[in-house]
Amino acid sequence: MAQTNGHNGHAAAEIKDRLVIPAEGFAPPPAIEQPNIFPLEWPVATESLVALYEKAKLQAWNPSDLPWNQLDPAQFTPEQRLGIMYWYAVLAVFDGSGPAVFSRAMIQSYEVHAEDPIRKCFFTVVRDEINHEECCQRVIAKMVPNGPLRFEPRTDLERAALNNLGWLYHNGGRYWRGFSKSIDKYPLSVLFTSFLLGEVAASTLFHGMSQRTSSPVFKQIFTKVGQDESRHLAICLKMLENDWPGLGQEYKDLITKQLRAGFVFLSMILWEPPNLFWDLPPYFLANHRVLIDYARQGGLGVLTYDEQAANWRLAIAKVRKVVEQWGIKFPAIPELDLDGVDVGNITAADIIPVF
Ligand SMILES: [Fe+2]
Ligand SMILES: [Fe+2]
């Protein structure tokens with residue numbers, strides 16, 4: 001019986017007999033050409049990143065399970081529906097780029113043979129961002145069928161919303177071109193700092209909105225998404241803790257500039273866009289404010305202009321405290337009356353940050 005255990009019925013002894021041991025010795029495999037996509041091993045240097053990966057698995061959630069039937073479009077006026085759709089479409093300019101941006105960063109982490117939990121943590125961020133994007137998609141579909149870009153506008157407000165969103169989409173495309181051109185040029189630590197500001201911004205934003213919204217469905221979305229964003233923040237912080245001590249001055253200066261770029265980019269969703277990077281027509285901001293006011297009136301939970309500014313200041317103060325510990329200077333943010341280093345103009349090529 002023991003002799004017929006092999007899958008083709010050969011006796012175990014015969015299998016071993018087929019092994020070839022060359023008389024001149026084994027030929028060494030060719031050196032692996034670099035960059036190579038994976039190390040084919042799973043090194044762990046940072047145990048806390050393993051824990052964050054496990055936490056991500058435990059906190060996994062399914063957007064389909066949210067009580068969408070409680071989100072009745074009839075409870076809002078047409079203007080409020082449009083405003084809420086508009087806010088989610090603005091958010092989608094950020095969350096919609098998340099999956100591709102973090103996928104690219106995940107590939108990068110494989111190419112540079114980052115430790116295994118870093119590769120896996122990036123994967124969980126991609127997974128989460130797909131969920132966040134799905135929430136945008138679902139709310140938009142509920143509020144304005146064929147939104148954000150393919151509905152038939154019938155009023156001035158709808159025409160203004162459609163036009164503003166077209167401009168935002170154009171800027172989202174510019175962001176991606178800048179990001180994908182620059183990813184090979186920066187070490188992961190520079191990327192992480194850009195992500196760090198985005199994650200702090202996102203967790204602050206969703207936390208504030210979850211407390212302010214009058215809709216139980218929006219509350220659940222903001223709470224779930226906020227929980228993910230706090231975890232992304234923890235991941236970024238851990239990675240940075242490892243990387244920053246070895247950073248040269250050149251990269252430290254680059255990070256200072258990236259923090260300014262992060263402010264410029266993220267202000268579109270956190271507050272209002274500064275007059276840098278964003279390529280927008282002169283009427284954009286006036287119409288943006290009207291649409292956001294309708295979203296606010298509809299109970300979405302959008303903070304006021306001043307509350308948003310205060311929130312931004314708070315988020316920036318957190319990041320500032322962290323980076324200054326590592327001898328990285330903080331950029332001036334004159335829009336919020338925060339002083340620091342003047343890093344000059346911010347162009348599309350400078351923008352890396354993402355939620
Ligand atoms: Fe997100
Ligand atoms: Fe995130």
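Author: A residue counts as buried if 20 or more other C-beta atoms lie within 10 Å of its own, and as exposed if 12 or fewer do. The model discussed here is a predicted one.

Reader: Is leucine 40 buried or exposed?

Author: Leucine 40 is found in the loop between H1 and H2, and its phi is positive, about 55 degrees, although the residue is not a glycine. Because leucine 40 has 8 C-beta neighbours inside 10 Å, its class is exposed.

Reader: Is phenylalanine 277 buried or exposed?

Author: Phenylalanine 277 has a positive phi near 60 degrees while being a residue other than glycine, and its place is in the loop between H9 and H10. Since 23 other C-beta atoms lie within 10 Å of phenylalanine 277, this residue is buried.

Reader: In which helix is histidine 288 found, and is histidine 288 buried or exposed?

Author: The helix that holds histidine 288 covers residues 284-297 and is H10. Because 22 other C-beta atoms lie within 10 Å of histidine 288, its class is buried.

Reader: What distance separates the C-alpha atoms of histidine 288 and alanine 317?

Author: Along the chain, histidine 288 and alanine 317 are 29 residues apart.

Reader: Are H7 and H9 roughly parallel or roughly antiparallel to each other?

Author: Helix H7, residues 188-212, packs with helix H9, residues 249-270, at an angle of about 30 degrees, and their axes are 9 Å apart. Angles under 35 degrees count as roughly parallel, and H7 passes H9 in a right-handed crossing. The relation of H7 to H9 is therefore roughly parallel.

Reader: How do the residues of the contact of H7 with H9 divide into nonpolar, polar and charged?

Author: On the H7 side the contact includes Ser189, Val190, Leu197 and Leu205, and on the H9 side it includes Tyr251, Gln258, Gly262 and Leu270. The residues of this contact of H7 with H9 divide into 10 nonpolar, six polar and no charged.

Reader: Is H7 roughly parallel or roughly antiparallel to H8?

Author: H7 packs with helix H8, residues 216-243, at an angle of about 155 degrees, with the two axes 8 Å apart. Because angles over 145 degrees count as roughly antiparallel, the relation of H7 to H8 is roughly antiparallel.

Reader: What is the handedness of the crossing of H7 and H8, and how many charged residues does the contact of H7 with H8 have?

Author: The crossing of H7 and H8 is left-handed. In the contact of H7 with H8 there are 15 nonpolar and nine polar residues, and the number of charged residues is four.

Reader: Where does proline 148 lie, and which residue does a cis peptide bond join to proline 148?

Author: Most peptide bonds are trans. Proline 148 is found in the loop between helix H5 (116-143) and helix H6 (156-182). The peptide bond, with omega about 0 degrees, is cis and joins proline 148 to glycine 147.

Note on methods:
Residues numbered from 1 in each chain as written. Chains lettered and ligands numbered in written order. Predicted model: local features only at pLDDT ≥ 70, side-chain atom pairs only at ≥ 80, totals over all residues. Helix = DSSP H or I, 4+ residues; strand = E, 2+ residues; numbered from the N terminus. Axes fitted to C-alpha atoms, helices over the stretch in contact; angles between N-to-C directions. Parallel < 35°, antiparallel > 145°, perpendicular 65-115°, else oblique. Left-handed = near helix turned anticlockwise from the far one by under 90°. Contact = placed C-beta atoms within 7 Å. Nonpolar A, V, L, I, M, F, W, Y, C, P; charged D, E, K, R; others polar.
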